[in-house]
Amino acid sequence: MVNPFTDTVEMMGYFFEVATGDPVNAVFNVLMMLVGNLILAGAIVVFFGLAAGGVVSALLPEQVGRAPPQERGE
């Protein structure tokens, strides 16, 4: 069965093993892994922000605030 939380934790462990496996390139690999994780986290935050905005937009009425001014009939 797929469990996103445990799969994410396992994936991070695999990335860390690969990044630190070569002592010569360990610093570069760890830095590259951190930058990749920051890019991924940024994309996730933007996606959930857009999704939350869509949900809030669907729940709010179309016109929020005061009514437009009425024209005088002369």
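Biologist: In which helix is the place of Ile44?

Modeller: Ile44 sits in helix H2, which covers residues 26-59, and the model we are reading is a predicted one.

Biologist: How should I read the accessibility of Ile44, and is this residue buried, partly exposed or exposed?

Modeller: The general idea is that under 20% relative accessible area a residue is buried, over 50% it is exposed, and in between it is partly exposed. Because Ile44 has a relative accessibility of 41%, this residue counts as partly exposed.

Biologist: Which residues form a nonpolar patch on the surface with Ile44?

Modeller: Leu40, Phe47 and Phe48 form the patch with Ile44, and together the four residues have about 430 Å² of accessible area. Phe47 and Phe48 are both exposed.

Biologist: How many aromatic pairs does a search of the whole structure find?

Modeller: The search finds one aromatic pair. The general idea is that ring planes over 60 degrees apart count as edge-to-face; here the rings of Phe47 and Phe48 have their planes at 70 degrees and their centres 5.4 Å apart, so this pair is edge-to-face.

Biologist: What does the secondary structure of the protein come to?

Modeller: The protein has two helices and zero strands. Its radius of gyration is 24 Å, well over the 11 Å that the globule rule gives for 74 residues, so the protein is more spread out than a compact globule. Along the principal axes, the C-alpha atoms fill a box of roughly 85 × 35 × 10 Å.

Biologist: What percentage of the 74 residues is buried?

Modeller: Buried residues make up 5% of them, while the accessible surface of the protein comes to about 7000 Å², with 70% of this area belonging to carbon and sulfur atoms.

Conventions. Residues numbered from 1 in each chain as written. Predicted model: local features only at pLDDT ≥ 70, side-chain atom pairs only at ≥ 80, totals over all residues. Heavy atoms only, no water. Patch = residues over 30% accessible without salt bridge, like charges linked within 9 Å, V, L, I, M, F, W, Y side chains within 5 Å. Areas by Shrake-Rupley, 256 points an atom, 1.4 Å probe, with all protein chains shown as cover. Salt bridge = Lys/Arg side-chain N within 4 Å of Asp/Glu carboxyl O. Helix = DSSP H or I, 4+ residues; strand = E, 2+ residues; numbered from the N terminus. Buried < 20%, exposed > 50% of the residue type's maximum accessible area, 1.4 Å probe, protein only. Rg over C-alpha atoms; globule rule 2.2 N^0.38 Å. Phe/Tyr/Trp six-rings, centres within 6.5 Å; stacked < 30°, edge-to-face > 60°.
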